[in-house]
Amino acid sequence: MKWAGALFIIAASLFIGWHKSRSYGERVRQIRQFETALMMLESSIAYGAESMETAARSISQTIEKPANLAFAEFAEALAVSEKSAGDLWSAVLKKQGIGLALKKRDLQVVEQAGCMLGTVNQTAEARKLQLVLKQLEKQREEAAIEEKRLSGMTRSVSLLCGLMTAILLL
């Protein structure tokens, strides 16, 4: 019975380490999704062929989860609310941010993209989105470095903690 408990502790610690190390890669993937989405938004703003709601809806259908959920909710909010696009974008990110693997700084950078949506001219919006995209690229590079540095170590430390706990209990 002790051995079964020890194996369960080791398996649980391995799962915890695997899950935590996976979150590092998920952060990089989600930043990349928001970069792609904001590039698409920038091009739709630059060419001005469609409304913000239509652009957000088409972006939500193009990109993968979970970033597409934020853009779908943003499009719905634009359709029914009289608030500014920037306020709606901030509210959507606050709501959707809970389910994302992004850090607080990443969310702040993405939120900056929506601060002035609909309040300035197209060229100013496009320039602001370019700045946000450069900041997101920097955040993605930092996240990739963090993933390389910490994901393997996290799995190893969790295994060692599980082994140590199991040995102490035996």
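Biologist: Read along the sequence, the protein chain follows the pattern α-α-α-α-α-α. How many helices and strands does that come to?

Modeller: In this predicted model, the secondary structure comes to six helices and zero strands.

Biologist: What makes you call the protein chain more spread out than a compact globule?

Modeller: Its radius of gyration is 21 Å, while the globule rule gives 15 Å for 170 residues. The value is well over the rule, so the chain is more spread out than a compact globule. Along its principal axes, the C-alpha trace spans about 70 × 30 × 25 Å.

Biologist: How much of the protein chain is buried?

Modeller: Buried residues make up 40% of the 170 residues. The accessible surface comes to about 9,900 Å², and 62% of it belongs to carbon and sulfur atoms. As for contacts between residues at least 6 apart in sequence, 67% join residues at least 24 apart.

Biologist: Let's go inside, then. Which residues of the largest nonpolar core touch the most other members?

Modeller: That core has 36 residues, and Phe34, Leu38, Leu41, Phe71, Phe74 and Leu136 are the ones touching the most other members. At least two residues of the core come from each of α1, α2 (52-62), α3, α4, α5 and α6 (122-169).

Biologist: Phe34 and Phe71 form an aromatic pair. Why is that pair called tilted?

Modeller: Good one to check! The structure holds four aromatic pairs. In the pair of Phe34 and Phe71, the centres are 6.4 Å apart, and 40 degrees separate the planes. Phe34 lies in helix α1 and Phe71 in helix α3, so the pair ties together parts 37 residues apart in sequence.

Biologist: How do you know that Phe34 and Phe71 count as buried?

Modeller: The cut-off for buried is under 20% relative accessible area. Phe34 has 0% relative accessibility, so Phe34 counts as buried. Phe71 has 1%, so Phe71 counts as buried too.

Biologist: And what makes the pair of Phe74 and Trp89 edge-to-face?

Modeller: The angle decides here: the planes of Phe74 and Trp89 are 75 degrees apart, and planes over 60 degrees apart count as edge-to-face. The centres of these two rings are 5.1 Å apart. Phe74 is in helix α3 and Trp89 in helix α4, so this pair ties together parts 15 residues apart in sequence. Both residues are buried, and ring pairs link Phe34, Phe71, Phe74 and Trp89 into a cluster.

Biologist: What else is Phe74 in contact with, leaving aside its neighbours within four places in sequence?

Modeller: Besides Trp89, Phe74 contacts Met52, Ala56, Ala85, Leu88, Val92 and Leu117.

Biologist: Several of those sit in α4. What span is expected for α4, and what span does this helix reach?

Modeller: Helix α4 (residues 85-96) has twelve residues and reaches 16 Å from its first C-alpha to its last, close to the 16 Å expected at 1.5 Å a residue. Its buried residues include Ala85, Leu88, Trp89, Val92 and Leu93. Against α1 (2-47), α3 (67-80) and α5 (104-114), the buried residues of α4 find their packing.

Biologist: One last item: where does Pro66 lie, and which form does the peptide bond from Lys65 to Pro66 take, cis or trans?

Modeller: Pro66 lies in the loop between α2 and α3. The bond from Lys65 to Pro66 is cis, with omega near 5 degrees.

How values were computed. Residues numbered from 1 in each chain as written. Predicted model: local features only at pLDDT ≥ 70, side-chain atom pairs only at ≥ 80, totals over all residues. Heavy atoms only, no water. Helix = DSSP H or I, 4+ residues; strand = E, 2+ residues; numbered from the N terminus. Expected span 1.5 Å × (residues − 1). Buried < 20%, exposed > 50% of the residue type's maximum accessible area, 1.4 Å probe, protein only. Contact = heavy atoms within 4.5 Å. Core = buried A, V, L, I, M, F, W, Y, C linked by side-chain atoms within 4.5 Å. Rg over C-alpha atoms; globule rule 2.2 N^0.38 Å. Areas by Shrake-Rupley, 256 points an atom, 1.4 Å probe, with all protein chains shown as cover. Phe/Tyr/Trp six-rings, centres within 6.5 Å; stacked < 30°, edge-to-face > 60°.
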